[in-house]
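Please read the following report alongside the sequence and the coordinates. It takes up a helix pair, then some individual residues, and then the confidence of the model.

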Amino acid sequence: MTPLNARVAAALPAMRRFSRSTTMILLCAVVVGYLALGIASSGAFFEGASVRTFLQYLATPVLIGLAQMVALCVGQLNLAVGALGGFSACLMGVLMADSGVPAGGAVLIGVAVATLTGLVTGVFIVATRINGFIVTLGTMTILLGGQYRLSGTRTVDGYSATLRDLGRAAPLDIPLVFLTALIAAGLLGAFMYRTVAGRRLLAAGGNPLAARLSGISGDRQIVIAHTLSGLLVGIAAVTATASLPGVNRSVGGDWLLPSFAAPIIGGVALTGGSVAILGTVLAAFLMRLIDSARAEFSLDPSWVNFLIGLVVLGTVVGGRFHQTRIEKKGTGPGAATAPAAAALPSTGGSR
């Protein structure tokens, strides 16, 4: 067998696995859905302006899906994704419009506040041992009050033209905000798959006991996960502020369901220990297609939410049945993740 044939033979099992994976199914659904929507709109959806608009408003769903995915990978939930994004967006808008802060400074402050909020949330969860669901629910309520305090009933639209120009910028006909989301996804993937810190996050979420025996602090991983989640929400707030004509108290109000739907449909387990960068991006793309179809054909938004919720519920139930079958065969998640955790370099104790 020639070296080329040997490489092809070695790659075949991986190709077969990919062809049956959730990512491949989502990729096919996205392609078919995009073509169907384009044909149904008599080709209008294929025009350059429509494609740019579609990608421009896809950036935020991708980023909030990744933000929720990071929390899920350590077995946590972040209910404050929408509230934190809305608060950060309003903070940036008010700083620019009312206080005259330059766009660069306002963006840095907004992202820093979102990241710091994620850090404080993680520390509070670890320090109090209160369930993350309850903590982020409380954080969400506080942030919603803060968002209303910042914007009130008005729409803040007098902020920097520089930021608006960045939101409309499209080098090579690809919106800059969408490129920002793709870069964030790529960097997150490199962090999770190529660094020791990222593998520790996965190990702590997949098998906390094995991770602890390897010297990996589960508490530290929770703090890191919520901090990363806050950072991604902050970036999402920037893309939203740059793309929208103005920000008000409604910004972020519809982010919570998509933030869970994208990673769950993309293949992320609610029990932790896994990420699906490409799957999450494709799932966000699919939901954006559904939303575009709603706008194109004037469908009732409640039916769209019903459909997305049904898909999420079906995905969770299907994943649970699959996990149960694996556990009955004696090869459950613990057996798979324990060696991975044990293979990580020992830290010499809990950190």
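## Two helices in contact

Which residues in α4 meet which residues in α12? In this predicted model, the α4 side of the contact is made up of A59, T60, L63, I64, L66, A67, Q68 and V70, while α12 contributes A225, L228, S229, L232, V233, I235, A236, T239 and A240. The residues of this contact divide into 13 nonpolar and four polar, with no charged residue among them.

Helix α4 spans residues 59-72 and helix α12 spans residues 218-243, and the two pack with their axes 8 Å apart at an angle of about 170°. Because angles over 145 degrees count as roughly antiparallel, α4 and α12 are described as roughly antiparallel to each other.

## Two buried polar side chains

S88 has its place in helix α5, which covers residues 81-97, and is buried, with a relative accessible area of 0%. A polar atom of the S88 side chain lies 2.9 Å from the backbone oxygen of L84, and, when residues up to four places away in sequence are not counted, S88 touches G110, A114 and A237.

Q147 lies in helix α7, residues 132-151, and is likewise buried, here with a relative accessible area of 1%. A polar atom of the Q147 side chain is 3.0 Å from the backbone oxygen of V251.

## A partly exposed glycine

G186 is found in helix α9, which runs over residues 176-194. Is G186 buried, partly exposed or exposed? Its relative accessibility is 43%, so G186 counts as partly exposed. The C-alpha atom of G186 is separated by 8.1 Å from that of I277, although these two residues are 91 residues apart along the chain.

## Confidence of the model

Over the chain, the mean pLDDT is 85, and 87% of the residues reach 70 or more. Over residues 332-343, however, the pLDDT is below 50, and this stretch has 14 contacts in the model beyond near neighbours in sequence. The pLDDT also stays under 50 over residues 345-351, for which the model has 15 contacts beyond four places in sequence.

Notes
Residues are numbered from 1 along each chain as its sequence is written. This is a predicted model: local features need pLDDT of at least 70, side-chain atom pairs count only at pLDDT 80 or more; totals for chains, interfaces and linings use all residues. Side-chain values use heavy atoms; hydrogens and water are left out. Axes are lines fitted to C-alpha atoms, for helices over the stretch in contact, and angles run from 0 to 180 degrees between N-to-C directions. Helices (H or I, at least four residues) and strands (E, at least two) are DSSP runs, numbered from the N terminus. Angles under 35 degrees count as roughly parallel, over 145 as roughly antiparallel, 65 to 115 as roughly perpendicular and the rest as oblique. Contact means heavy atoms within 4.5 Å. Ala, Val, Leu, Ile, Met, Phe, Trp, Tyr, Cys and Pro count as nonpolar, Asp, Glu, Lys and Arg as charged, and the others, Gly among them, as polar. pLDDT is the predictor's confidence in each residue, from 0 to 100. Buried means under 20% relative accessible area, exposed over 50%, partly exposed in between (1.4 Å probe, protein chains only). A polar contact is a pair of N or O atoms within 3.5 Å; within protein, one must be able to donate a hydrogen and the other to accept it, and residues adjacent in sequence count only if both atoms are side-chain atoms.
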